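Biologist: I have a model open and would like to learn how to read the place where its chains meet. Could you walk me through it?

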Number of protein chains: 2
Amino acid sequence: MLRTHTCGELRLAHVNQTVTLAGWVQRTRDKGSLLWIDLRDRYGITQLFLEEGKSDPQLIAAARSLGREYVIRVTGKVSERISKNDKLATGEIEVKVEQLTVLNAAKTPPFTIEDETDGGDDLRMKYRYLDLRRTPVRESLQLRHKMAQQTRAYLDSLNFIEVETPVLIKSTPEGARDFVVPSRIHHGEFYALPQSPQTFKQLLMVSGFDRYYQIVKCFRDEDLRADRQPEFTQIDCEMAFITQEDVLSTFEGLIRHLFKSVKGIDLTSVPRMSYADAMTHYGSDKPDTRFDMKFVELNTVAKGKGFGVFDNAELVVGICASGCAEYTRKQLDELTEFVKRPQVGAKGLVYVQYKSDGTFKSSVDKFYGPDDLKQWADALHAKPGDLILILSGEKNATRKQLSELRLLMGERLGLRDKTKFSALWVLDFPLLEWSEETNRWHAMHHPFTSPKPEDMALLDSDPGAVRANAYDMVLNGTEIGGGSIRIHDRATQQLMFSKLGFSDEEARKQFGFLMDAFEFGAPPHGGIAFGFDRLCSLFGGAESIRDFIAFPKNNAGRDVMIDTPSTISEEQLKELGIQVRD
Amino acid sequence: MLRTHTCGELRLAHVNQTVTLAGWVQRTRDKGSLLWIDLRDRYGITQLFLEEGKSDPQLIAAARSLGREYVIRVTGKVSERISKNDKLATGEIEVKVEQLTVLNAAKTPPFTIEDETDGGDDLRMKYRYLDLRRTPVRESLQLRHKMAQQTRAYLDSLNFIEVETPVLIKSTPEGARDFVVPSRIHHGEFYALPQSPQTFKQLLMVSGFDRYYQIVKCFRDEDLRADRQPEFTQIDCEMAFITQEDVLSTFEGLIRHLFKSVKGIDLTSVPRMSYADAMTHYGSDKPDTRFDMKFVELNTVAKGKGFGVFDNAELVVGICASGCAEYTRKQLDELTEFVKRPQVGAKGLVYVQYKSDGTFKSSVDKFYGPDDLKQWADALHAKPGDLILILSGEKNATRKQLSELRLLMGERLGLRDKTKFSALWVLDFPLLEWSEETNRWHAMHHPFTSPKPEDMALLDSDPGAVRANAYDMVLNGTEIGGGSIRIHDRATQQLMFSKLGFSDEEARKQFGFLMDAFEFGAPPHGGIAFGFDRLCSLFGGAESIRDFIAFPKNNAGRDVMIDTPSTISEEQLKELGIQVRD
């Protein structure tokens, strides 16, 4: 080793030892007769020290010539500092330099390598290898490592086997777009990269593997939204001979283990809510339950008073923002603007200020008197000082709009603290959802999800009402995992494909191997997959998943550091049997 | 859970408990009044039992209707067996069936689900999910899981961080062919799948990550030879601020830890041999050191006696096959045929039988008398009863040929026992090798490998003589891992690219980001990568890596179970901006 100790290791106990350190020059401070160098590595920072008159003049000259981010190796004696730095683990000592070797010089970095940097996103991505030197980014990736370790420790302890499934698989038309890989040996044929190892993990259950997991890269060729990556990582799991209850308790156990072992937090047992209730009370299938602010339906108290907007609405629904009665006109206008943004899509907002003196002021005073408004306030359990916010219209659309407003108010009221964690199981998702675009039913989860047996009868008469044995885990308003109990018999799987508009021929071509497998003794099974990048970013209290991925792509799916995607040679294209269209 | 216990769990201590098991019907034995069912799951086999007159007749009828591989669930009481089976962990008990549910019926499998199966390779691959039910295959994958666990445990304990590197990267012309992925968003541009995370792990060192590892999928679009897979898994590692010695001792530690923890074997410290010595003594850079049978050069004793073949040869070299003097003419002819096969390529074989009575019989008695042959025997340390086998010709070719013969003789003499393990470091590989095909120097390891400083002067005058700081670990004659100390400064890296025939422009386009990174403070670093599939198969004592991969491709790169690669739709091709050439 080029060092005897790391830069995070030396303490008072090492005083008078001669040590060798290696690392990067974080900064130098030159006081004329005294010269200090902060030497950094992954483990910490150690202060180096030279003194005019006592240190070799050549050594001092060499030290003076060091720039930021130079890589050096120093040997010297550990001594106690006169003025200690209690913010640094090594803050009680410094190393008096006796030898100094420059292992590599460094040009001035294009942005400062500090916790807060002056580099913009593009620059940071182009020089990602420098960005990764910054402590917050390094710590994010260290957190990720710990998350993976603890995930494995938990699942290993429960007899799950990690099995690697293939990356070069087969393209399937269901779901998002596949990335494909042309085969050179079989011209005109393509592999596809997996959107998930779904069918393989089910086959492992058919094989009797019983409990499978994998921390695995998956791929989706989507039009990239902010904070989506074309390649992402899942904690992918499957179990056999289980009921839904077993899956829920096993993976509630995982999330509690992660909170305990990684963050020292005792998470309470994870509450459960049906999809229907989540939509009714929060207008979302991934409610942020760090705060309450539940929806209250106001149809009975708000309709029939001559206010056409409400009278003609399928749903009138409100929330109570505690302590916001004194919002100014400007603030109230902002809220109205917010709900009218195309991304939210409401036509307008009705508010009621329940003043601290017990009086009401609303945007619909023309139609409703104080007694009416008191009724609303009572329904919403509002107190004097609160602000009531009401939307109306078609049921589903209105709920989604109010959900956005609820999240905004939660944010404004400081109720979405990134250091607080609230997990939730959402259960009983619909099996199917109608797509206006393709004019047919789609699987809400995926085509392998089993319908609830008691709802099977509705499959012909009212497909949208059929509930699935499907569940999501939600953390702080973000879906972190989802899964289902799978179909495990050929007849049901075939029925499902036909409901989804597959011809028998298509179903056989795409998923024949799975339906065949179901005929050779498939056990009841089910599983779940967690989005690992997102889970890590939530644990790290960050908005973006970017810094929890060592080398992420930008929003155009491009790695600007290595400059990919890029063109390839005509020769290579020819060998692959493909050509680029004009 | 659909069971209270697994099929590998019940013992005498459970007698009289009522239990519920679930699993597959391995076989039934019907003795008329008595009926036994062997129920199998991942954990073992438990015997179930029904008795005419005592068990419910409907239950007996149901049990009689079960076929092989039916998935069932049974509840019953554990009882002590009258005739115990000490080959089975559960062999002291059986379960008297009280309830039986068929969870799923099974068609008759296309091959028997037994340790030795009647299924051929093609059938086993098509129904891989059934093949995976066989105990040896399941145990191979369980071994792989344990290898991964223990690899992580060892590296975690040494402060290595597991970092995921991207799968969608950039195509580079050096080395094997890349698989490429057309970008839908950027028409005419492509990602490539990584042949290894080489540049990324080096960038992580530049970032200060200090110790990195990853168990990672890599991809090579090669013409497939037997037992090569287009996707394969590496244990990929890199360290900074180290010398070659540190890498060798760290990863010798890994391999010894794996042997100890996975197989309970105390591996001796791993011996070291230079590439030059390996070629001289074994004719191979991956000698099988489970047995000795070293090469002995016979130029001085064999030349100048009028035997033209030897007189004109650059090298005359032999091995001594202990105790084989009595090989028949037929056996000797077989050896001659073996070395004359095109894959080996020798022109002929000279043998000397050192008979147990001290006399010699050779295929060159015309040219050499007993005294000559005695000289050869002495040089080879042959004893009466041994067989001397000699090849001659151009030095390098002859060594390779004799290496093949040595391995064959080792095999015949039972010296290549799969339960014995001999590891070896091969050091000081040449930096460059000449390619007749492209008429230029290629990097023997890869272009990032550093030359030995003392050999730098030869880079212009005698490039083939320059040694690299490169090392391979060899186990039982198979290369299981290889690595090097890397170049970490721009000037040397640029020099290397130019020696390899890159123009400055090409070098900048392909690897500009890495050379840039070397200018911002790159520490000295080096690493290694192990072939995980092969390592697992060697630990498992198997010839093939196939059964250590859950869903392997066949030799044509095809997964016959899911039928991939396969065609994709014209619509999909259009979206991707590519078309198939006629």
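This is a predicted model: local features need pLDDT of at least 70, side-chain atom pairs count only at pLDDT 80 or more; totals for chains, interfaces and linings use all residues.

Biologist: Which residue of E23(B) is the bridge partner of A:Ile578?

Modeller: That is B:Val580.

Biologist: And how do I put a number on the interface as a whole?

Modeller: The size of an interface is often expressed as the accessible area that is lost when the parts come together. Here, chain A and chain B bury about 11200 Å² between them, and 58% of that lies on carbon and sulfur atoms. B:Phe241, B:Phe520 and B:Arg581 account for 8% of the area chain B buries against chain A, more than any other three residues. As for residues in contact, chain A contributes 123 and chain B 123.

Biologist: How many salt bridges are there between chain B and chain A?

Modeller: The count is 18. To see one, look at A:Glu162 and B:Arg152, where the closest N and O atoms are 3.1 Å apart.

Biologist: Which helix gives the most to the side of chain B that touches chain A?

Modeller: Helix H4 (residues 135-157) of chain B, with eight residues. By residue class, that side of chain B has 62 nonpolar, 25 polar and 36 charged residues.

Terms used:
Residues are numbered from 1 along each chain as its sequence is written. Chains are lettered from A and ligands numbered from 1 in the order in which they are written. Side-chain values use heavy atoms; hydrogens and water are left out. Contact means heavy atoms within 4.5 Å. Buried area is the accessible area (1.4 Å probe) that two parts lose on being put together, summed over both. A salt bridge is a side-chain nitrogen of Lys or Arg within 4 Å of a carboxyl oxygen of Asp or Glu. Helices (H or I, at least four residues) and strands (E, at least two) are DSSP runs, numbered from the N terminus. Ala, Val, Leu, Ile, Met, Phe, Trp, Tyr, Cys and Pro count as nonpolar, Asp, Glu, Lys and Arg as charged, and the others, Gly among them, as polar. Two strands pair if DSSP finds at least two bridges between them.
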